[in-house]
Amino acid sequence: MSDVRVRGAAARIRVVRPGELDTGEIERWRELRALSGAPANPFMEPEFSLAVGRVRPGARVAVIGGDSGGPVGFFPYERGPLGQGRAIGFGVSDSQGPVLGPEHTLTAGELLSACSLGSWEFDNLEAGGGLFVPDAAEAFDSPVIDIGQGYEAYEAALRAGSPKFFRTTTAKERRLARQAGEVRFVFDERDPAALRTLMAWKSAQYRRTGRRDRFAKEWISTLVRQLAADRPDRAPGCSGVLSVLYVADRPVAAHFGLRSRTVLSCWFPAYDTGFAKYSPGLILHLRMAQAAAGAGIGLLDLGRGAAEYKDALKTGELRVYEGASVRRGPRAALYRLGREPSRRAHSFVRDRPKLAGYAQRALSQVGRLRDR
């Protein structure tokens, strides 16, 4: 733990492990999030940083003090061995950034200096994270489903805006019931076997599409299992929700996400490919939206990334940013040499649909060869 005063700024910064935050600091974090007016994304709540801190030894939180003595902000991050920083849970966190009150006087450079960071990398920086937004290299839309007016209003909007999509999806659900058995949906499934099934499906999907299997990383699979064990009454800001679509008591589609009181962040969806012709993933998402609205949730965040199903389901978008804040000096040069070429290459391909299609087909071929 370190305790430093930032030169030229009315702020005292204490750097701690997430588990070292006291009850008052955790409550203050929640208060600042509520005051921000931003959607209550569970990745931005203290419970997510606490969970990551249990599985990532480099996880830290900078507690920013103000003139009055109480915290005016929190900055969760992970620190590498050479002082390079990343958003906490980088690689799986879908919303990132500092949690700051309006009275803070810090600059990005002062905050990084106090944390002994030469750089801080992000790929889903929240639009309200103004301290680091000027350092963003790219901006992306994160599609959302607004169910704040209730599921009936959302369904009516779908029927009006995407009548063919809605009609086709509901017809497939009826056909699935006729041909395979009774369709049953559980919004908050607590059977560990269902979570294991979802993780196996998702790992197979990663391999099939030539992508890195996230669940092959022990810290990610452990993090998911731990979050799945949390319940909203114990962790109201961030708890796991496993939703499962069953047919004749057999799981055919599932999703594991994180919820706060008002936001469900969609995280890991997958389905049994043997039922692909019925589009069980789409059926699952419609059932999830209905159940979430009934549970008082007003927003489903589908997460950054282009996908046809997201375009069909969404009602709007949130803005997120990718990039890095880098302090001047030799570490800045090391960061740019190590990260920028790769980021620019990904951006070049992503911005050219035809080239991106070639890349996706190549990844799928790699996946097929890998499974042989």
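I took buried to mean under 20% relative accessible area, exposed over 50%, and partly exposed in between (1.4 Å probe, protein chains only). The model is predicted, so I kept local features at pLDDT of at least 70 and side-chain atom pairs at pLDDT 80 or more, while totals for chains, interfaces and linings use all residues. Residues are numbered from 1 along each chain as its sequence is written, and side-chain values use heavy atoms, with hydrogens and water left out.

**Ser243**

I looked up Ser243 first. Ser243 counts as buried because its relative accessibility is 1%. I found Ser243 in strand β10, residues 239–247; strands are DSSP runs of E, at least two residues, numbered from the N terminus. A polar atom of the Ser243 side chain lies 2.6 Å from the backbone oxygen of Phe187. For contacts I used heavy atoms within 4.5 Å. Leaving out residues up to four places away in sequence, Ser243 touches Phe185, Val186, Phe187, Ala253, Ala254, His255, Leu284 and Met288.

**Tyr271**

Next I checked Tyr271. Tyr271 sits in strand β12, residues 263–271. Tyr271 counts as partly exposed because its relative accessibility is 37%. I noted 5.6 Å between the C-alpha atoms of Tyr271 and Val252, which are 19 residues apart along the chain. Val252 is also among the residues that Tyr271 touches, with Trp201, Ala253, Ala276 and Pro280, again not counting residues up to four places away in sequence.

**Cysteines**

I then searched for disulfides, meaning pairs of cysteine sulfur atoms within 2.5 Å. The structure holds 0 of them. Cys115 is buried, at 4% relative accessible area. Cys238 is buried too, at 0%.

Note on methods:
Helix = DSSP H or I, 4+ residues; strand = E, 2+ residues; numbered from the N terminus. Polar contact = N/O pair within 3.5 Å; in protein donor to acceptor, adjacent residues only side chain to side chain.
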